[in-house]
Amino acid sequence: MDGRARGYGTTARLLHWLVALLILLMIPAGYLMTGEGLARGTRDALFLFHKNVGAALIAVVALRLVWRLTHPPAPLPAHLPAWQRRAAGLSHAGLYVLMVVMPLSGYVRVRAGGFPIEALDRIGLPGLVPRSDALAQAASNLHAAAAWGLIALLALHLAAAAQHALIHRDGIWQRIWPPIRRG
Ligand code: HEM
Ligand code: HEM
């Protein structure tokens, strides 16, 4: 077995790709639903998707964080220069912070604004923040600013992943792909 290829376990891989898929849908949904010119029904459907899938992401990201803290991945291969290890560590930490800040600020924005989150309302989970226009506005500002930070870090993340997978072909890509670890 090639030790470099082992990297992350199956659960960590599945969680990475589930969160990646959902976040890569949430970002365009967020901009589309707040933009101009959509039919009312389409906008409502996007809001429904964004709020409810976003709320589910709070739980999935919490699970991912717990899993990460209790199941550290195999160390990065020794051939990587120190600055690349540091850049990977910092950018991954930033992605984790934004994975928490994005859904939480969205939740606070909606609940403080007095709006429903249909799936949570259906299971009887009450709003956990007070109704406040000032709080809703602050959370909305944070949500919009953090979205830019997330997009910037993701651009870096995807560029690094593409470089490892297509140019260096150094086994980093195989640490996380395929979603189910073979062997
Ligand atoms: C198509 C999209 C994506 C690709 C190609 C990709 C690729 C990768 C690769 C190759 C790694 C392994 C790095 C290593 O060996 O340490 C990784 C790890 C990671 N990815 Fe992604 N990723 C994608 C989307 C995302 C998204 C949307 C997020 C979250 C916003 C994310 C967050 C992370 C984090 C936090 C790690 C580090 C995992 C850990 O050490 O716990 N990725 N990704
Ligand atoms: C990882 C999770 C999330 C991502 C990546 C995300 C992303 C985005 C983006 C890119 C926008 C457009 C930003 C802008 O208006 O400038 C947006 C807007 C919005 N998001 Fe999210 N979002 C997430 C979670 C949530 C959650 C959980 C909720 C509520 C339960 C939510 C509620 C909203 C609302 C209401 C808006 C409209 C902006 C406003 O009226 O203040 N989001 N989101």
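Which helices each supply at least two residues of the shell around ligand 1? They are α1, α2, α3 (82-112) and α5; helices are DSSP runs of H or I, at least four residues, numbered from the N terminus.

The model is predicted: local features need pLDDT of at least 70, side-chain atom pairs count only at pLDDT 80 or more, and totals for chains, interfaces and linings use all residues. Residues are numbered from 1 along each chain as its sequence is written, chains are lettered from A and ligands numbered from 1 in the order in which they are written, and side-chain values use heavy atoms, with hydrogens and water left out.

View 1. Ligand 1 has 22 residues around it. H16, R68, Y96, H157 and R175 come nearest; a residue is near if one of its heavy atoms lies within 4 Å. The space that ligand 1 takes is the largest pocket. On a 1 Å grid over the protein atoms alone, a pocket is an open set of points with protein on both sides within 12 Å along at least five of seven lines, probed at 1.4 Å.

**View 2. The iron atom of ligand 1.** H16 (NE2) and H157 (NE2) coordinate the iron atom of ligand 1 at 2.0 Å. H16 lies in helix α1 (residues 10-34) and H157 in helix α5, so the pair ties together parts that are 141 residues apart in sequence. Donors are N, O and S atoms within 2.8 Å of the metal (3.2 Å for Na, K and Ca). H16 is buried at 13% relative accessibility, while H157 is partly exposed at 22%. Buried means under 20% relative accessible area, exposed over 50%, partly exposed in between (1.4 Å probe, protein chains only).

**View 3. Polar side-chain atoms beside ligand 1.** An N or O atom in the side chain of R175 is 2.4 Å from an oxygen atom of ligand 1. A polar side-chain atom of H16 lies 2.8 Å from a nitrogen atom of the ligand.

**View 4. The iron atom of ligand 2.** Its protein donors are H50 (NE2) and H143 (NE2), lying 2.0 Å from the iron. H50 sits in helix α2 (residues 40-70) and H143 in helix α5 (residues 133-168), so the pair ties together parts 93 residues apart in sequence. H50 counts as buried, at 14% relative accessibility. H143 counts as partly exposed, at 22%.

Technical notes:
A polar contact is a pair of N or O atoms within 3.5 Å; within protein, one must be able to donate a hydrogen and the other to accept it, and residues adjacent in sequence count only if both atoms are side-chain atoms. On a 1 Å grid over the protein atoms alone, a cavity is a set of points where a 1.4 Å probe fits but cannot get out, and a pocket is an open set with protein on both sides within 12 Å along at least five of seven lines; lining residues have an atom within 4 Å of a point. A molecule sits in a cavity or pocket if more than half of its atoms lie within 2 Å of its grid points.
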